[in-house]
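Please read the following points with the model open beside you.

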Amino acid sequence: MRKPLAAHGFDAEAQGPSIDPADVARFSAQAAEWWDAKGPFAPLHKFNPARLGFIRDQVASRFGRDPRAIRPFEGLTLIDIGCGGGLVAEPMRRMGFDVAAIDASSENIGTARAHAEQMGLDIAYRAATVEQIEAEGAGPFDVVLVLEIIEHVADPEAFIRTCSRLVAPGGLMIVATLNRTLKSLALGKVAAEYVLCWVPAGTHDWSQFLKPDEIRAMLSQEPLTVHGPFGVAYDPLRDRWTLGEDADVNFFMTATRD
């Protein structure tokens, strides 16, 4: 049985070597705007259908569930690491998961918790780092989500390996991030921040983007089987994100524990 997130220090500040203070401060300053579909997180709102679909299909395949069911993942546990304002945690709860969600920003957690309460969703939110969660013995979890966060931490390898140790036997970890290519520099950094103004300038540091093989190497010493990359790209003609073979900018990877 999963050990729950510790109740003590529920609103304490997150602590741990994975924290990049500048990035935490940047997202904290925008915390109140997470659920504004036309605000600074508008690109994530537009990206959400693609990543939710990917998560749904991967988990359904791994656990033999019917993705068309109303609550297909009833009885499964999930932790969303770097949950922000809860844009993924909430739909995961609606799909039936028992959801825990953590973020290094207390402001993000406050926004996420308030919105979930308004929606009548019971999600175990906490301001904490994955190092704190592991040290407390929380978990393991059937599904571990590491979405658009690894490019914002101070030590990506230590971070992703810690995340992987929260995966239960038979479980699944899903990672989403940006590839470090010239194409991602042009589209994921310069165009997104300075031309299209999809995200505020300075949101991303291209040098912190990770190649799929680097993630694979980081996890090579853990007892996991790594799959991917799985590409996801923006289609300007249909104004939506679609899954495909193009992993030059955004991509997913999965890792399973037998």
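Are Phe 54 and Phe 252 buried or exposed? In this predicted model, Phe 54 is buried, and Phe 252 is buried as well.

1. Phe 252 and its stacked partners. The ring centres of Phe 54 and Phe 252 are 4.2 Å apart and the planes meet at 10 degrees; planes under 30 degrees apart count as stacked, so this pair is stacked. Because Phe 54 belongs to helix H2 and Phe 252 to strand E8, the contact ties together parts separated by 198 residues in sequence.

2. Phe 47 and Phe 252 are both buried. Ring pairs connect Phe 47, Phe 54, Phe 230, Tyr 234, Trp 241 and Phe 252 into a cluster.

3. The course of helix H2. The 22 residues of H2 should span 32 Å at 1.5 Å a residue, and the C-alpha atoms at its ends are 32 Å apart, which agrees. After H2 comes Gly 64, which has a positive phi near 65 degrees.

4. What covers helix H2. Buried residues of H2 include Pro 43, Asn 48, Ala 50, Arg 51, Leu 52 and Gly 53. Among the elements that cover the buried residues of H2 are H3, E4, strand E5 (167-178), strand E6 (225-235), strand E7 (240-244) and E8.

5. Strand E1. In strand E1 (residues 77-81), five of its five residues are buried. In a regular strand, side chains alternate between the two faces of the sheet. Here Thr 77, Ile 79 and Ile 81 point one way, while Leu 78 and Asp 80 point the other way.

6. Neighbours of strand E1. Five bridges join E1 to strand E2 (residues 98-103), and the two run parallel; Thr 77 stands opposite Asp 98 of E2. Between E1 and E2 the chain passes through helix H3 (residues 89-94), and this β-α-β crossover is right-handed. E1 also pairs with strand E4 (residues 141-147) in the parallel sense, over four bridges. Within E4, Val 143 is the bridge partner of Leu 78.

Methods
Residues are numbered from 1 along each chain as its sequence is written. This is a predicted model: local features need pLDDT of at least 70, side-chain atom pairs count only at pLDDT 80 or more; totals for chains, interfaces and linings use all residues. Side-chain values use heavy atoms; hydrogens and water are left out. Buried means under 20% relative accessible area, exposed over 50%, partly exposed in between (1.4 Å probe, protein chains only). Two strands pair if DSSP finds at least two bridges between them. A crossover is right-handed if, with the strands pointing away from the viewer, the path from the first strand over the helix to the second runs clockwise. Rings of Phe, Tyr and Trp (its six-membered ring) pair if their centres lie within 6.5 Å; planes under 30 degrees apart count as stacked, over 60 as edge-to-face and the rest as tilted. The expected span of a helix is 1.5 Å times one less than its number of residues. Contact means heavy atoms within 4.5 Å.
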